[in-house]
Amino acid sequence: MSPFGALREQLHDAAREFGGEDAVAAILSGMVDDVDRALREELEIFPVCHHSPASALAMARRLRDKRPSVIYLELCEDLAPLLAELRNCRLPVALQAFANEPDGHPASWAPLSVIAPITEASAEYQAIAYALDTPGVEIVLVDRSTDHVFQWERREPAPDAPGPDVPPEAPEEAALHGDAVGLEIGDLRPGFAELESYLLHHGKVRHWSEWWDQYVEQPLSGADYATYRQVMVLIGSLFRRLRPSRGDLGRDEDRERHMWTRMREHLAATGADPASCLYVCGAFHAASRVEQFGVAAAAPFEITPRTATRWQYGLIPSSHSAIEAQFGLASGSVSIAAATFDKALKRSRVTPFRLEGQKGGRKPSARKSAAAPVVDEPAADRLSGFLSSPPVLDGLDEAELLGWCVDLVRLARRNGYLSSTADAIAVFETSILLAGMRGRARPTPYDFQDAAVTCIEKDRVPGRRDVRHLCEILLGGDRIGEVGYASLPPLARDVLDRLEPLGLDLKKRTIQRALMNLDADPALEPCSRLLWVLRRLLPGGTVRPIMGSRKLGERSIQESWDLALGRDQRALVELGYEGVTVEQVLEHRLRRAVRDPKATAAVALEAVEDALLYLGSRRFVDELGARAVELLAAERTVDDAPEVLRRARRLLAHYRATEPELPEWCKAFVAEGYAHYCTLLPTAFTDDDTGVRQVAAMLGFLFGMESLALSLGCDHAQLELAVRQAHPEAPAKVALLWAARSQLGLMSLAELRGRCDDLLGNPLVVPSVPLYMSGFVQALEPAPALAPVVVEVMSKAFARLPDRVLLPWLPTLITTLREHARELVPVLVREAARTFPATLPALDAWVPPWSPSAAAASPVLVADAPPGPAATLLAAHPSACDAIAALLGHPPGWQESPAAPAGHAEVTALLARHPVALNAISAVFTASPAQGTRLAARP
Amino acid sequence: MTDDMLRAPAEVKYAEELDWLESVDDAPKPFSWRLSPKMVRLFVLGSEPSDGLDREIPQKWFGDRSFVERSIVTLASDRGLLLIGDPGTGKSWLAELLSAAISRNSTLVVQGTAGTTEDHIKYSWNVSMVIAKGQSRASMIPSPIMTAMEGGVIGRFEELTRSTSDVQDALISILSEKYVSIPELDDDNIVFAKPGFSIIATANSRDRGVNDLSSALKRRFNFVRVPVVTNKRSEAEIVRFRTAELLRRHRIELEVPPSLLDILLQSFADLRAAAASATGDDDRLESALSTAEQIGVLEDAILHSQFFGDRALTARTLGGSLVGSLARRSPEDLAILNKFWHGVVEPRSKKDGADPSWQGFLEGGRQAISTLS
């Protein structure tokens, strides 16, 4: 017979009194039924709530008393192999399942990531530690697999969860979990916001964690096991029954069906005695009403197969603040729970379970409970007593509160507050007053926090942390976990091993500075190479070069790095899911990038460059290069032409400088590119969607690599034909075409100049002249020889165009030049410097070389003919030169032979007075004495 | 009695309620407090069925419960209470309610201004009497603060940061030593504060930096920051509550349609969002857009409807009042309101299924903008 009959009657009466006989009575008696049912189950159900010190304490006690041989735990079944790794870590850490390439799930969900954080002050950790360290005890994870988490996600949209207690202005540690889906054992929170706000309002508390602490944690912390169990199931049942009708129970019920099915399967397979087993689940699931509930149930449940997604498993560091941020808990609540657990342990003298070799925290206790299992008494009604009497609250722990006040004031002073002993006294007094006002004898950490803010916080926060944050630090602080070396994936271990020569402790959470003098210590070269690969693979500032660079053709002599591998352990662990070494991961990523359906030739060339820089494998580079050729041949647009040109130029320069011969793929790329761009050129010229920059880049490729292409068997006629076929209409492209024709010799410079002058002279065309100039500016890249003409055209335009036409175009010119500064600006500036005078005074007298007056004013300046036998000969027989000059259209004219320099009169006079030596020399040359004299007259 | 006053202080207005609370309050009371801290909270925040009282106590101040608790606890401690916040967040109202509940006197107020002197905080002299009878306690004029000290009640200091630093510092000795000495007198020259004396000061956070409090004074005050109410439900409650009070005061029988209240709240929420995303002061309305401003807009609209309209509040009048109340600078504020009217109000009024009042609101506002421009 049920022990809860009396309670049920009492609740019925209460419901009748409230007037809502049917609905209220059904809920109230239903709750009692749920408790009754859970307690009568043959397999002992242990209801827990996440981050509840009371649950952890009750679990530690119960495990010592009962010493079960099998523990069933509400945790994804495929995470089981990770549990043993926990002992290498410092908690909190999170068990993670990760899949980069979903197969069977929508691709847009990638990467799939599920995490289940484990803290030391939790019931699940107690169960895990007990099971792993006690011989003969088995722990079985029975919840659906991580794959099903996503399978069921798709089937049913998530219900409206109550909002987080805190705004998501999270500190750095709060982002430790990334955007993973969080799983918790024993998620216990009202299913709809109205109930929660009602409870908070009437509980006179600010947030859910505080309500839970005041109304459940504290009353249960000293309660016996039977009371604990009954109350937890009751609360689970209450939240289960008070759910909005639109809220879905389906997923939770499916999980319960899954768990019970798995437990029954395990019991049948191993023949374990249900009486020696313990089922640890959230209180919500303990009050389950599915037909599969109980070991005696026979209702079937079909567990769907997993998808083909390949899951990777590992541990990532977690932190209290990350858990709070992920599960919408009030800031500091997990830290406070941990501190409460420690205190409860001391007070109740319970020895908690702890994995052997676990890092951080307390030392494992040597004392082991060897007492015989306690025989349970039949369940009695503990609920009536619990519900009818006010909770027994702790008395004031004056010493503890004083300690908090004094420590807080000290902490506040260190953080820039002008706090003093007087503040400590005020905080102490205010805490007690606040607690009294809120109906408690003993101030909770939340009362203390409020009092501290009231007394110490003034109009501004002097340092980085405000008083509220300081209280959190004081009451336990954020604890950040660390995954031990042995539990890291092979890639992460490999990275740490290979960086060992740096002599840094890379597990530290602070940023480590690595200094490398590669000339003095070439042994560090491999470290540098590895760091560059990590820099390429890891996001953000995990590995950040301060000095040094890695580009084709460059080599750093010294490098300096900021390494935050300890802080960003998660990034490194997740990289480990992709391969065994970073090189393998990079190779895989590059290969995936070039095989992507959306990959372009530019992407492939980038991959080639990366492979050259970071991997240096000739075979792999050739493979990527061959793919670049394929992609280029298949491309139908020329959007990427500027990028292709830049990268192709850089790679060619690299190969020419480092290797005797170009690799085959490179030759093929140039030949293919020449043919490809020739084919697309006429369309690109006329197509409105193709920009001038793209066409200019195509021409740049064609002209710049023509000699190589021709040597590889391409035909120049193809290019010439392509240019002839181009009939652009847009002014900028027309200008570009003129430049191309001029470059190919299809248009003379005089004709080009003439056309430009016509443009400026035609008032109807003047408004579009800037567009032509834009084309000419772009033409600097494919035809740098045209630079003088471009400078000339621009100068004329600046001189003659009206402001209303010129000014609106200037920003376009500036932005274009800025965007392509590397290619265009040096050519233009060099030419302009050559053309324009360098000094201000010279500017006054300067006449542009292209102006007709300049041509007329200054006769053609010919350099002095070098004296010598040739000049003498030509001067002696001028008719041939005169004929050539007439042919070229120049009037014939001869320079006077230069007079002997005046500065050496004494020498000349001396030689004239003593001609013997000269005559002797001229005799040697068998020349006449007169010639000898002329020779001597030269300096 | 309240009928003779344009605005009765809280202790007069809620005298009957306070009497009743005092009669049922059996909890221990600090010093000479008239109500226990829990009852003070109940008076300010209103009662719940779970409080087990025989009658309902309406809520008078709307905001976070913990602010009120922290304020009450501070007054029970050794320190003064400084309520700090944006204009129109209800600081003075909370101070008045607390004084009324604790000491049944909320009128001992010093108003901080640039012209406030130390005499206003301590005492001054009746010059004629001094000439006639010499300096004595009879010829001394005690300040409201000194009166509060003598009576063991709460003294109030409004806009503390508006007065100059040397004047503010006169409070240091009052808050520390809890007495004021009168060196001009030979005997009976110290006024000691009786138990129960404390000070509630208010300060406008927008005045920060004008006359900053000295560190010595800061540590004698507990700061409670009162934020702008952004919760729509609470704000609606406040506006409704205060408007009802104003209507009563003006003896106006007029119904405020809920749809118009929604429009007002929504417009302020939109304007606040716009102000938060503005980059410079010129892109931001000069108004703080506080709840008090909303009440001001509604009051203006009600009075306008009552005396110049057809005694019914319309959306058109509300639109006009909103523009009239918020447009303080020309052309900056008008430009912002014009942009708001065309960018936010107009789309709202044209949305399918929109409340037809939006159309009237749109027209009223537009007309006001064109009149003011």
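Predicted model: local features only at pLDDT ≥ 70, side-chain atom pairs only at ≥ 80, totals over all residues.
1. The strands under discussion belong to an open sheet. Four strands of chain A take part, in the order S1-S7-S2-S5, and their pairing is parallel. At the edges are strand S1 (44–48) and strand S5 (138–143) of chain A, each of which pairs on one side only. From one strand to the next, the twist averages 30°. As background, strands of a sheet pair through backbone hydrogen bonds, and the pairing is either parallel or antiparallel.

2. One pair in this sheet can be followed in detail. Strand S2 (residues 70–76) of chain A is joined to S5(A) by 5 bridges, and the two strands run parallel. Within the sheet, Ile71(A) stands opposite Ile139(A) of S5(A).

3. For chain A as a whole, the secondary structure comes to 41 helices and 11 strands. The chain has 939 residues, and buried residues make up 41% of them. Among the contacts in chain A between residues at least 6 apart in sequence, 76% join residues at least 24 apart.

4. A packed pair is described by the angle between the axes and the distance between them. Helix H11 (residues 320–327) of chain A and helix H12 (residues 333–348) of chain A have axes that come within 8 Å and cross at roughly 125°. This angle makes H11(A) oblique to H12(A). On the H11(A) side the contact involves His320(A), Ile323(A) and Glu324(A), which meet Ser333(A), Val334(A) and Ser335(A) in H12(A). Sorted by class, the contact of H11(A) with H12(A) has 2 nonpolar, 3 polar and 1 charged residues.

5. The second pair is helix H26 (residues 692–704) of chain A with helix H29 (residues 731–744) of chain A, packed at an angle of about 10° with axes 10 Å apart. Angles under 35 degrees count as roughly parallel, and H26(A) and H29(A) are therefore roughly parallel to each other. From H26(A) the contact takes Val692(A), Val695(A), Ala696(A), Leu699(A) and Phe703(A); from H29(A) it takes Ala732(A), Lys733(A), Leu736(A), Ala740(A) and Gln743(A). The contact of H26(A) with H29(A) has, by class, 8 nonpolar, 1 polar and 1 charged residues.

6. The two chains touch: 24 residues of chain B are in contact with 16 residues of chain A. On the side of chain B that touches chain A, the elements giving two or more residues are helix H3 (37–45), helix H4 (65–76), helix H11 (215–218) and strand S9 (221–226) of chain B. H4(B) provides the largest share of that side, 8 residues. By class, the side of chain B that touches chain A has 7 nonpolar, 6 polar and 11 charged residues.

7. A last point concerns helix H8 (residues 144–151) of chain B. Its buried residues are Ile145(B), Met146(B), Ala148(B) and Met149(B). These residues cover an arc of only 155° around the axis, which puts them on the same side of H8(B). After H8(B) comes Gly152(B), with a positive phi near 65°.

Terms used:
Residues numbered from 1 in each chain as written. Chains lettered and ligands numbered in written order. Buried ≥ 20, exposed ≤ 12 C-beta atoms within 10 Å, placed from the backbone. Arc of directions from axis to C-beta. Pairing = 2+ DSSP bridges. Axes fitted to C-alpha atoms, helices over the stretch in contact; angles between N-to-C directions. Contact = placed C-beta atoms within 7 Å. Nonpolar A, V, L, I, M, F, W, Y, C, P; charged D, E, K, R; others polar. Parallel < 35°, antiparallel > 145°, perpendicular 65-115°, else oblique.
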